[in-house]
Structures are given as C-alpha cells and as structure tokens.
Amino acid sequence: MDHDMIELAFALEGRVVPRDYRLRLCEALQRVLPWLADTAGAGVHRLKLVVGGDGELLVSPRTRLVLRLPRARAEAALALTGAELQLGEYRLCAAQSRARELLAYGTLYAPLVVTGDADETSVDARLRKELAALDVAAPPICGRWQSLEGGLLAGCSVMLAGLAREQSLRVLQAGLGPHRLLGCGLFVPHRSAAAVGAPA
C-alpha cells in the first residue's frame, strides 16, 4: 500500500441503533465527510454494541466510532467532532476523538469478510489469491457464516496467524474483500483463536 494508514476513534453519544445499522451509518458519515467513499483504503469498523430487545443494539459509554484512514485525511475527518449522525429514526453524535496507530501483531482477526462466493472452497481460494497479492502466505482460518443488512453482506470471520511484521502491516492497511465502509474486511490485532466464531 502506498498510503500510511491511521485510525481515529470517536466517542459516541446515543442510546440505541438497529441491528442492521451499517448502511445507515455509512450514509450518515458520508453526509458529513462526502470524500469518504472516494478515499482509497478508508474503512469504518463495526460498532461494539450490547444486544438489546426489539431488534435494537445498545450504545454503551465504551462504544467508539473508529475510522481507518490515510494519515493525510485524518485532519479532515475531525469535521465529525460534534456532528449528528441520523440513522433513520435513530440518532448518534460523534464526540471527542483520539488518533491510534496501526499495530502489527502476528495474529490478525476480521469479524466479517465478504467475498461474494457462496461455498467455503471458493471463499478460501479467493482469500488466498488476495493474500498472495499482498505477499502473505498465511492460510486464512474462516469462522462461521454470517448474513447482515438483509443479505447484502454475507461472509465469515477470518483469522490470520504467524504473520511477520511487514505482512501484518500490509494486511492491516489493505484489508480483504469489498465493503470496507460497511465494516467488512478490516483486520485488528488478536490474541486468541477463540474469536473466530464470534458474531460480527
């Protein structure tokens, strides 16, 4: 990757969001940051939420809105501070932010990677092809199949282990598969193989 990536983590004010919130969040972010969709490598991590009732997820004081961006776009992204994000009938507000560097770990985990393939063999082959393009030989370890946003996002969690530092950084910066702004294909450092089957 040619761009140097960084993360911005915004505190969130709000109560609840719908279970299928990703498309609405992506649209709300682009109303504030219209350049986001055209920024190579940009991504939005899934929100860490608490399961509630009536098809809703609860926003906790620890929930953060985390954007992965080229460093050159970090200052422009601060326009989110204090912005209201309207997700249909639901409302969030982005508060103060903190910049975070990407950390290279030997084991990386993505809660959801979408490839467009319907069977495990095809998914594995496509992931290996993308990894080979990054000069990463680690075999992908796929977790349980998931379907979100009315079936638009169908895929599985993926773990990569035994990565050298440069390999880890390449995966962190590039990700795997499409839909980065919907929280797909974004890897984070991980220390336990147990999370492979965790829900996205």
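This is a predicted model: local features need pLDDT of at least 70, side-chain atom pairs count only at pLDDT 80 or more; totals for chains, interfaces and linings use all residues.
## Overall architecture

The protein chain contains four helices and twelve strands. Its C-alpha atoms occupy a box of roughly 45 × 40 × 30 Å along the principal axes. The radius of gyration is 16 Å, which agrees with the value near 16 Å for a compact globule of 200 residues.

Contacts were also sorted by separation along the sequence. Among contacts in the protein chain with a separation of 6 or more, 76% join residues 24 or more positions apart.

## Burial and surface

Of the 200 residues of the protein chain, 48% count as buried; here buried means under 20% relative accessible area.

## The largest pocket

The largest pocket holds about 520 Å³ of space. It is lined by 20 residues, of which Glu7, His45, Lys48, Arg100 and Val188 are the closest to the pocket centre. Two or more lining residues come from each of strand 6 (64-70), strand 8 (90-101), strand 9 (108-114) and strand 12 (188-189). Strand 6 supplies the largest share of this lining, with three residues.

What is the make-up of the lining of the largest pocket by class? Nine of the residues are nonpolar, eight are charged and three are polar.

## The largest cavity

How many cavities of 30 Å³ or more does a search of the whole structure find? The search finds one. The largest cavity has about 50 Å³ of space.

The lining of the largest cavity draws on separate parts of the sequence: Tyr21, Arg22, Leu25 and Cys26, then Val44, His45 and Arg46, and finally Leu181, Leu182 and Gly183. Helix 1 (residues 22-32) contributes the most to this lining, with three residues. By class, the lining of the largest cavity has six nonpolar residues, two polar residues and two charged residues.

## A residue in both linings

Definitions and conventions:
Residues are numbered from 1 along each chain as its sequence is written. Side-chain values use heavy atoms; hydrogens and water are left out. On a 1 Å grid over the protein atoms alone, a cavity is a set of points where a 1.4 Å probe fits but cannot get out, and a pocket is an open set with protein on both sides within 12 Å along at least five of seven lines; lining residues have an atom within 4 Å of a point. Grid points are joined across faces, edges and corners, and a volume is the space filled by probe spheres set on the points. Ala, Val, Leu, Ile, Met, Phe, Trp, Tyr, Cys and Pro count as nonpolar, Asp, Glu, Lys and Arg as charged, and the others, Gly among them, as polar. The radius of gyration is taken over C-alpha atoms; the globule rule is 2.2 Å times the number of residues to the power 0.38. Buried means under 20% relative accessible area, exposed over 50%, partly exposed in between (1.4 Å probe, protein chains only). Contact means heavy atoms within 4.5 Å.
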